[in-house]
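Trainee: Could we go through this structure in questions and answers, beginning with the chain and ending with the interface?

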Amino acid sequence: MSILVNKNTRVICQGITGSGGGAFHTRGCLDYGTKMVGGTSPGKGGTKDANGLPVFDTVDQAVRATGADATMIFVPPPFAADAICEAAAAGIKLIVAITEGIPVLDMVKAKKFLADFGDSVKLVGPNCPGVITPGECKIGIMPGYIHTPAQKGKRSVGIVSRSGTLTYEAVWQTSELGWSQSTCVGIGGDPVKGMDFIDVLELFQADPLTDAIVMIGEIGGAAEEAAAAYAKKSVTKPMVGFIAGRTAPPGKRMGHAGAIISGGEGTAESKIAAMRQAGIRVADSPADIGKCLREATGG
Amino acid sequence: MKIHEYQARDLLAKAGIPVPAARVVETAQQAEKAFEENGFPLQVVKAQVFAGGRGKAGFVKLVKSAAEARAAAEFMLTHRMVSVQTGPEGIAVNKILIAGAVDIAHEYYLGFVLDRDRSTVSMIASAEGGVEIETVAHERPDAIIKEPLHPLAGMQGFQARRTALALGFTGKQANTVADILLKLSRFFIDYDCSIAEINPLVLTKDGKILAIDAKVNFDDNALFRHPDVLALKDDAETDALEIRAAAANLNYIKLDGDIACLVNGAGLAMATMDVIQLHGGKPANFLDVGGGVKAEGAIEAFRIILSDKKVRGILVNIFGGIARCDLIAEALIQAGREVGFKVPVVVRLEGTNVEAARKILAASQGALPTLQVASDLNDAAKKIVSATR
């Protein structure tokens, strides 16, 4: 098992013909073995994308023609929140929004729009690398080959992270350690987003394939503190963590829209303390995530 | 994006929020004239800079005559302001606000911020205004009134009315404050703000309600739909290297250490700074070159970090996803040829096309004698820290 995506997931790409890299990353997903079944680009319905996939004007048409149940969004920032709402309205179950730079008030509205669909629609991102269940389905921009598919004799770690490249770092180190990954979820670096740490922890805790969990956070907001409190109460699997930004100065936005310490809130120290207090083994160095997993699980 | 106090006052006034008469000047002579035109017996002269700590630095002054206004402005325009937020070199003042001082009966705080925990905008208000709201929230949480806004409907009249009452206003004054709250909430949404606060909102001894100082920041991601806001941008206090980096689409923040880093991805860039410090060094910058970095962007990145004279070593940390390691390696060598690496450079590459990258680096080792290749991130940090000691 895994969470969110598997070999049966049928995926379209919204913004497949645009300059946001839709066709390029659709190629990467196809090469990895993802069932990419088409894409959308308003005004280009009836054509094919660079990979030969059918292009539709609307998500609704795409879903009806292809049976897609997931989408990967590369639509440019001014139109991306609209694309998220369109996907939900068309019956897509998993929306993965890669786009970086969406106005935050657009996300506030889109999130409220999605609330009407309850648990039947899940949003990952925006401003995220995507979701991958190694060996089965990759939706996003991560390098597939660093991941290790679940197999007999290898334990599986689930990874959830606010940062793309730090996720790759964790994947790399856990693969080197001889582990596989059940699923890796990049929840994204924006302040208002879809699934948060707690939502993903809940799925990993319930997933029989996932033996341990790596959670990677960064400065800004209080999601890590909330997740630590949740983990203490509801997660029985071994957990390892890392928080980026101990050296970040207050009041400066560190690349990600959501990575900012403001009014004394959102510091790395507060997050690390909350996680350690919840029994999560937090690595001091990002190079020690694998080592911490070994220590937390006895090998 | 930040704007100055006088710009925020203008915008709020346009939104229908009462602010006292004021003028912006750029010379001492204009200050004298502005005092006379404002026509108040007591006025306040305020330097228009982003950095805080103006009052303590002597850059906010109460004046009682046109001559005093002139002298205060003269001082501010000819001295650099040094405060806890500016660093020892201080900042130059180019614009000065001169406003009528009012007889204050009570100071309040009204503000709207993005509420990350609730995924919406929340109103924050307090009858303890005129001081940092974070301090009030920390020390006296009971003194804070919070109202989350409906994400689609925005602030409702009843929320504004009950806030005004909770602040202690009654009768017509309560209606006036509720009206200001509604206008400020609409302003926040209409302009895609990330923060919009009035601090203090004052009740004067003769019963008037006025916004005395305002702070407004905007969501950078929404500036594309607010050309009028973008036109207010003032880069005078932004580091020159940060401006140059932004022009090259690089995410760069200058810090005060001496080990520069060049990284792809914001999270990894922060983690690289952290690991430098963990091994006893001090990071000179945050630099995320982004996922889709091309050779010219990477070369410009090297130029930028090398023009910080404090830099005594560079750590390059790339986990190739979309970014290709071989491309970074080539850019590194080209940058080395162009600008010359007089300081130690430690490179740690992993991910897409790493084998090709390692070959490129090995082949040019002779041309770049200060270059070392690290096996992992800890090793890289150790190497650069010991090379710069």
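Mentor: The questions below concern a predicted model.

Trainee: Which radius of gyration does chain A have, against that of a compact globule?

Mentor: Chain A is built from nine helices and 13 strands, and its C-alpha atoms fill a box of roughly 55 × 50 × 30 Å along the principal axes. For 299 residues, a compact globule would have a radius of gyration near 19 Å; chain A agrees with that, at 18 Å.

Trainee: What percentage of the contacts in chain A with a separation of 6 or more is between residues 24 or more positions apart?

Mentor: Of the 299 residues in chain A, 62% are buried. Among contacts with a separation of 6 or more, the share from residues 24 or more positions apart is 73%.

Trainee: Which are the edge strands of the six-stranded open sheet in chain A?

Mentor: The order in this sheet is β3-β2-β1-β4-β5-β6, with parallel pairing. An edge strand pairs on one side only, and in chain A that applies to β3 (55-56) and β6 (122-124).

Trainee: Why are the buried residues of α6(A) on the same side of the helix?

Mentor: In helix α6 (residues 197-206) of chain A, the buried residues are A:F197, A:V200, A:L201 and A:F204. They sit on the same side of α6(A) because the arc they cover around the axis is only 105 degrees. In general, residues three or four places apart point the same way, because an α-helix has 3.6 residues a turn. What covers the buried residues of α6(A) includes β9 (156-161), β10 (180-186), β11 (212-218) and α7 (223-234) of chain A.

Trainee: How many nonpolar residues are on the side of chain A that touches chain B?

Mentor: The contact takes 47 residues from chain A and 45 residues from chain B. On the chain A side, α3 (77-89), α4 (104-115) and α5 (164-176) each supply at least two residues. By class, that side has nine charged residues, 13 polar and, for the class asked about, 25 nonpolar.

Notes
Residues numbered from 1 in each chain as written. Chains lettered and ligands numbered in written order. Predicted model: local features only at pLDDT ≥ 70, side-chain atom pairs only at ≥ 80, totals over all residues. Contact = placed C-beta atoms within 7 Å. Helix = DSSP H or I, 4+ residues; strand = E, 2+ residues; numbered from the N terminus. Nonpolar A, V, L, I, M, F, W, Y, C, P; charged D, E, K, R; others polar. Rg over C-alpha atoms; globule rule 2.2 N^0.38 Å. Buried ≥ 20, exposed ≤ 12 C-beta atoms within 10 Å, placed from the backbone. Pairing = 2+ DSSP bridges. Arc of directions from axis to C-beta.
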